[in-house]
Amino acid sequence: MRRLLMTLLAVASLGGCATTPTMTTQERFNLYVQHAGPPVSSFRLARFVRHTQWTPLGDRALAVWTSQSRGHLLELRGRCPGLSIAHTVQITNSFGTVNARWDSVIPRTASVAMPQSCRIIRIRPLDGTAIRDARREMRNTIYGDRPADVVEDTGPDVTDSFEE
């Protein structure tokens, strides 16, 4: 019993040491909306890409990435059950073109045998570079920028001499 208690305390203390702040789903969605362009009627999916890169943004939206810096924000008509826990998504399309108000997102999870399709209501292009820059700026704001003259002490250098 005592060993179990010590293990639980150790796990809890390690969890408390985590220093990476996480964004809420709403904050992440707002970040993507800020860096989204005006709505478009459709976009092309890469034809030979086997797995589409995507980012869940709650149960009503997701970002689909066509390259590292280009993507599309797909807003759905209503709540899409299983989207936030899906391990992959299927996006319906017509010969590689995804159309707003016509095509759907189908989240694939291990626990749901017959997934529900969720209609895409709006498509907006995303600037992935701007999103990464905004995230980096938010991290720097949270942790604070260090002055240029402050150097982290990483321990003794090979050039340091030790006196006995």
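Reply: Strand β3, residues 61-65, is mostly covered, as five of its five residues are buried. Buried here means a relative accessible area under 20%, with exposed meaning over 50% and partly exposed lying in between, for a 1.4 Å probe and protein chains only. Strands are DSSP runs of E with at least two residues, helices are runs of H or I with at least four, and both are numbered from the N terminus. The model is a predicted one, in which local features need pLDDT of at least 70, side-chain atom pairs count only at pLDDT 80 or more, and totals for chains, interfaces and linings use all residues. Residues are numbered from 1 along each chain as its sequence is written, and side-chain values use heavy atoms, leaving out hydrogens and water.

In a regular strand, side chains alternate between the two faces of the sheet. In β3, Ala 61, Ala 63 and Trp 65 point one way, while Leu 62 and Val 64 point the other way, and all of them are buried.

The pairing of β3 may be considered next. With β2 the strand pairs in the antiparallel sense over four bridges; two strands count as paired if DSSP finds at least two bridges between them. Within this pair, Trp 54 stands opposite Val 64 of β3. The hairpin of β2 and β3 has four residues between the strands, and Gly 58 takes a positive phi near 95° in this hairpin. Strand β4, residues 70-76, is joined to β3 by five bridges, and these two strands also run antiparallel. Glu 75 in β4 is the bridge partner of Ala 61.

Gln 90 stands opposite Ile 106 of β7. Thr 109 is found in the loop between β7 and β8 (118-127). With a relative accessible area of 12%, Thr 109 is buried. Apart from neighbours within four places in sequence, Thr 109 is in contact with Gly 82, Ile 85, Ala 86 and His 87, contact meaning heavy atoms within 4.5 Å.

Strand β8 holds Arg 124. Arg 124 is buried, at a relative accessible area of 16%. Not counting residues up to four places away in sequence, Arg 124 touches a set of residues that includes Gly 71, His 72, Leu 73 and Glu 75, and also Val 33, Ala 36 and Gly 37. A polar atom of the Arg 124 side chain lies 3.4 Å from the backbone oxygen of Ala 36. His 35 is 89 residues from Arg 124 along the chain, yet their C-alpha atoms are separated by 9.5 Å.

In α2 (residues 25-34), Phe 29, Leu 31 and Tyr 32 are buried. They cover an arc of only 155° around the axis, which puts them on the same side of α2; the arc is that of the directions from the helix axis to the C-beta atoms.

Strand β6, residues 97-99, contains Thr 97. Thr 97 counts as buried at 17% relative accessibility. Its side chain makes a polar contact of 2.9 Å with the side chain of Arg 44. A polar contact is a pair of N or O atoms within 3.5 Å; within protein, one must be able to donate a hydrogen and the other to accept it, and residues adjacent in sequence count only if both atoms are side-chain atoms.

For the chain as a whole, three helices and eight strands are found. Of its 164 residues, 27% count as buried. Among contacts between residues at least 6 apart in sequence, 55% join residues at least 24 apart.
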